[in-house]
Every structure is written in structure tokens, then in C-alpha cells.
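I opened my notebook for a friendly look through this model. Here is what I looked up, entry by entry.

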Amino acid sequence: MDGQAVNPRILRGVQKAAVVLVSLGAEASAKIMKHLSDDEVERLTLSIAEFPRISMETREGIIEEFARMCAASGYIAEGGIAYAKEVLERAFGPQKASETLEKLAAYSRMQPFSFARKTDPNQLFNFIQGEHPQTIALIMAHLESEQAADILSALSSEDQTEVARRIAQMERTSPEVLEEVERLLETRVSSLMTRTYTTVGGVESAVNILNHVDRTTEKTILDTLFTDDPELAEEIKKRMFVFEDIVTLDDRAIQLVLREVDSRDLVFALKAVSDEVKGRILKNVSSRAREMILEEMDLLGPVRIKEVEEAQQRIVSVIRRLDEAGQIVIARGGEGEIIV
């Protein structure tokens with residue numbers, strides 16, 4: 001295939017994407033890759049490394065197709081499918097317009113509720129309020145965390161807890177159920193459909209959403225969950241602030257935490273952290289204490305990761321206790337409080 005005219009139609013999507021990135025150059029490609037998942041970056045990098053040279057004709061064909069897809073997406077966002085079809089037909093003719101829109105539709109079907117993720121949370125709330133908590137949970141699990149947090153905050157306290165529980169306990173969703181829920185929103189937010197099982201929700205999803213709600217909403221949900229399902233509530237609470245998040249606290253808060261922490265726990269906790277975390281903590285102790293901590297870490301030698309995690313969790317418990325007592329403040333999204 002080296003140097004020969006290859007029909008762009010026979011190339012896979014990842015190969016075409018690789019051609020576009022190579023054509024854009026290293027600097028622009030690097031900026032694009034920052035917005036991709038690790039899996040996507042890996043596949044693209046492999047494709048770029050393994051893909052043979054192609055003719056200028058093939059490259060131009062792929063870039064032309066890419067340009068049409070970008071233009072079509074813009075037209076759809078501006079005036080909908082009908083408007084996009086009209087503009088594309090005038091620009092490229094009926095056949096090219098139809099092919100472009102079909103490719104966009106196929107891509108969209110791979111991403112459940114992708115259109116909903118571009119919809120204002122207030123509008124989404126109006127669409128889904130009054131629905132069954134399981135339906136709301138499934139929709140929210142497919143949204144961006146901040147978007148879902150806005151909706152969760154707007155629900156009644158009873159629904160907040162029930163929806164958060166269902167998100168945390170959600171595992172795989174069958175195509176039939178997903179399609180049924182998507183049809184529910186189809187006439188409202190142009191929802192999309194999928195033919196594959198999709199893993200959504202889970203404790204991590206619930207934690208991400210709760211990390212963006214206001215403190216009152218978080219407390220209401222967790223208090224109720226501790227009554228109804230203590231094990232699930234504890235799992236969510238443990239994950240809502242991890243040890244590495246200590247860098248989000250101000251210096252005064254870190255100093256208050258360190259006063260409450262057992263020195264041996266601190267030595268163990270610092271054995272497996274980034275230089276940023278270690279430096280931020282050591283910055284908030286005296287010179288003498290810093291020297292003692294570093295010396296003890298050297299003397300300690302290798303330790304089991306379980307011991308490190310247990311020590312870190314004990315320190316996190318101190319942080320959460322001080323936060324609940326109002327002595328320090330853990331930054332959260334969606335709070336809008338003024339601290340004086």
C-alpha cells in the first residue's frame with residue numbers, strides 16, 4: 001500500500017483519524033490527544049506507528065471527509081438535521097450530504113445520551129422530573145458529573161437519596177432497557193440509541209456526582225443512606241475524599257489536620273505519594289519535624305501497600321471529622337458559599 005492510491009472508504013475509522021493527526025502536525029495533534037481517553041490515545045498511537053505511507057490523493061480524500069464531518073456537526077448544532085442536510089446538499093451534492101449524515105448518525109449511536117450531555121441541566125431536569133428514580137438514575141449516570149450534580153441538587157430530598165443509591169448500585173444495563181429510556185427522551189432531547197451493553201453508574205459515578213453537589217445535599221443523602229444502607233454509605237463516603245486530595249486544602253487546614261494525625265501514620269502515608277503531595281505536607285511542618293519524618297521514612301524501608309492505604313485512610317478520617325466539625329473546609333463543586 002506504500003505510495004499507492006488507497007480508497008479512503010476501505011480504511012478503518014482509527015486509521016483515518018491517524019491520517020488527520022499526522023496531517024495536522026505534532027503540536028496540534030498533541031493538543032487533541034489531551035482530550036482523548038487513554039484507550040483512544042493508545043489505539044491512535046499504534047495506528048500512526050504501524051500505518052504505511054499513503055498517497056497524497058488518499059490523504060486529501062480523508063481530510064476532505066473529515067472537513068465535511070466537522071461542518072455537518074456545526075450545521076446540526078446551529079439549526080438541526082434538516083438545516084444541516086440542506087446546507088450539505090448545496091455544498092457537496094445529495095450523495096455526499098447523505099453519506100456524511102449517515103456517518104455522523106452511526107458515530108452518535110455509539111455514545112448513549114451524547115446529545116443530552118450537551119443540554120442545559122435545567123432543561124434536562126424539566127424533562128425527567130417525575131420519572132421513576134431508576135429512570136432518572138440511568139440518565140444521570142450517562143451525563144457529565146457536574147451536569148448530573150445540578151440535577152441531583154434540584155430533586156426532592158427523598159428522590160436525591162433514592163437516585164444516588166440506584167446510581168451507586170447500578171451495573172450493566174441491557175440494550176432493551178437503555179433504548180426504552182432513550183425513547184423516553186427522544187422527542188425532548190433527541191436521545192440516541194445503542195446496541196451494546198453499557199457499563200454505567202456504580203459507586204465511583206455516585207461519588208463523582210456527590211463531590212459536585214452542595215454540602216447540604218451531600219449530608220442529606222449520606223445521612224439517609226447510613227440509615228438505609230450503612231455499607232453502601234460508608235463505601236461512598238470513603239471514596240469522596242482520598243488522601244491525595246489533601247493538596248486541595250489550604251495551609252492552615254493541613255496544619256490543623258497534622259496536629260491530629262499520628263506521626264507513624266504520616267510516615268506510612270507518605271511512602272506512596274507524588275512529590276506534589278509529599279512536598280505540600282512537609283511544607284506545613286517545622287524543619288525539625290520534616291527531618292524526622294524523612295529519616296523515619298528511610299529507616300522504615302519497604303512496606304506493604306495495604307499498610308500505606310490503611311494509614312492514609314485514617315488520616316482521611318481525621319480530615320472528614322474536622323470538616324464535619326467546621327474546623328476546616330473541603331472544597332466542593334456547586335457550593336456558592338462565601339467563607340469569611
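Which residues does Thr135 touch, not counting residues up to four places away in sequence? I found Val181 and Leu184 (contact means heavy atoms within 4.5 Å).

A note on ground rules: this is a predicted model, where local features need pLDDT of at least 70 and side-chain atom pairs count only at pLDDT 80 or more, while totals for chains, interfaces and linings use all residues. Residues are numbered from 1 along each chain as its sequence is written, and side-chain values use heavy atoms, with hydrogens and water left out.

Back to Thr135: I placed it in helix α7, residues 133–141 (helices are DSSP runs of H or I, at least four residues, numbered from the N terminus). Thr135 counts as buried because its relative accessibility is 16% (buried means under 20% relative accessible area, with a 1.4 Å probe and protein chains only).

Next I checked Arg165, in helix α9, residues 157–169. Arg165 is also buried, because its relative accessibility is 14%. Leaving out residues up to four places away in sequence, I saw Arg165 touch Leu225, Asp228, Asp229 and Leu232.

Last, I turned to a helix pair. Helix α14 (residues 251–260) packs with helix α18 (residues 305–324) at about 120°, axes 10 Å apart (axes are lines fitted to C-alpha atoms over the stretch in contact, and angles run from 0 to 180 degrees between N-to-C directions). From α14, I listed Leu256, Val257 and Glu260, which meet Ile315, Val318, Ile319, Arg321 and Leu322 in α18. The residues of this contact divide into 6 nonpolar, no polar and 2 charged (Val, Leu and Ile are among those counted as nonpolar, Glu and Arg among the charged, Gly among the polar).

Methods. Helices (H or I, at least four residues) and strands (E, at least two) are DSSP runs, numbered from the N terminus. Buried means under 20% relative accessible area, exposed over 50%, partly exposed in between (1.4 Å probe, protein chains only).
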